[in-house]
Amino acid sequence: MSAQPLVIVGGGLAGARAAEGARQAGHTGPITIVAAEDAMPYIRPPLSKEFLTGAAERDVVDVHPAEWYADEHVEVLRGVRATALDPGGHRLRLADDRTLAYARLLIATGANARRWPAPEGELAGVHVLRTFADSVALRDALSGGGRRMVAIGAGWIGLEATAAARAYGDEVTVVAPEAVPLAAAVGSAVGEVFAELHRTNGVDLRMSTGVAALRSTEGRVTGVELDTGETVPADLVLVGIGAVPATGLADAAGLEVQNGIVADASFRTSADDVYAVGDVASVYHPVLEAHLRTEHWANAENAGRAAGRVLAGESLEYAEIPYFYTDQYDLGMEYSGYGTLADGVDPVFRGDPGAREFIAFWQRDGRVVAGMNVNVWDVSDGVQRLIRSGARIDPARLADPAVSFDELVAEASA
Ligand SMILES: Cc1cc2nc3c(=O)[nH]c(=O)nc-3n(C[C@H](O)[C@H](O)[C@H](O)COP(=O)(O)OP(=O)(O)OC[C@H]3O[C@@H](n4cnc5c(N)ncnc54)[C@H](O)[C@@H]3O)c2cc1C
């Protein structure tokens, strides 16, 4: 395999790390990344945080310095979309009519921002936030301050962009149908911490509220009509209603797709020599014994690299604990664990959620299945150790800051 051509579709973080993983595993043959965006691979988290606030510039998002690709003989075809995959013939067709032959191919096409599901989504002043260009456009709209933004959706993107807008001195109203922000991701108890954080920072949160229509004058958005009949005036609207996995290529090629491209724990799809990873992939997780599609940076980073090693011929099963983070105002948070197992479970708090300095643990049958640290640092490894140990832990000990993670694991396994 080591001299055969590898093709990676998608020049995001997962695609770039896959190229790196393949080289690290000793692949010497050609590696081509087909990248629809006319940009070298970049990471997205700063696009709703430090790049959006103006605290950082373009260089913070590069996955590798430009010379890395030349040094590693990784060819990046920028601004070219892959349009058709022929798994039987081991060929990939590109939008410029070129055809690439491959020995193994990785689909790392990520996800696209879900657009407003009506023609008003195309109005001037209506934004989504997925690409670098989206972030530049939103930054331009926010950076003068004194604007009125309505964020539709109280997920990570909507709330992070809200924090950035407040940092510029813009007014923000957040509108979302659920009762508590982020409740689906981290439960209501922790979601309330984020709700309070935004209220304290002057955000008007309209929860349990739907949007009836976007209002406009001469092609530019002017407000958001709520299902209560009220119209909230807006100079700009951010539509933050999730992302849709970019499965078009796989669908058309007849691969198995179910909420993402279905892959086994070694990233193999239903087609021979075709693999999938990152936001687009629903990968079997050996610990969960279920498929999991993860839209997080750490998955693109680590699973991307692992998929590259598999392309190069290595045997492995990917079983990392899912991890993600957010930064909003002066709050920093890291989450490790299995959200599906934590769903509906009341967390055990170590520290004070009201003071926004705590660790929350979620347990099933006494075992820690997820943990989140808020403004507490250098504990992610410990949280992951607890999860991996599978040990049954007394919640009172878990809540006690005087008891170290090592003690908890040692006591439980004694
Ligand atoms: C604004 C923002 C902030 C985020 N913040 C965080 C955070 O704080 N923490 C966290 O854990 N995660 C965060 N994420 C999620 C994280 O960025 C994603 O999980 C990660 O980008 C996924 O990487 P990927 O390579 O799978 O997909 P992507 O980054 O989406 O890259 C896929 C690439 O493939 C290209 N492509 C698609 N179709 C084709 C085709 N047919 N041919 C060629 N190329 C194609 C796309 O144009 C895209 O460039 C954030 C995401 C966004 C958008």
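The model is predicted, so local features need pLDDT of at least 70 and side-chain atom pairs count only at pLDDT 80 or more, while totals for chains, interfaces and linings use all residues. Residues are numbered from 1 along each chain as its sequence is written, and side-chain values use heavy atoms, with hydrogens and water left out.

Searching the whole structure turns up eleven aromatic pairs. Here, rings of Phe, Tyr and Trp (its six-membered ring) pair if their centres lie within 6.5 Å; planes under 30 degrees apart are stacked, over 60 edge-to-face, and the rest tilted.

Let's begin with Phe51 and Phe132: their centres are 4.9 Å apart and their planes at 45 degrees, so this pair is tilted. Phe51 belongs to helix H2 (residues 50-53) and Phe132 to helix H4 (residues 132-142), so the pair ties together parts 81 residues apart in sequence. Helices here are DSSP runs (H or I, at least four residues), strands likewise (E, at least two), numbered from the N terminus. Both Phe51 and Phe132 are buried, with buried meaning under 20% relative accessible area, exposed over 50%, and partly exposed in between (1.4 Å probe, protein chains only).

Arg139 lies over the face of Phe51, 4.2 Å from the ring centre, and the charged end of Arg58 sits over the ring of Phe132, 4.8 Å from its centre. That call requires NZ of Lys or CZ of Arg within 6 Å of the ring centre and within 35 degrees of the ring normal.

Finally, Trp156, Phe194, Phe324, Tyr335 and Trp362 form one aromatic cluster. Thanks, everyone!
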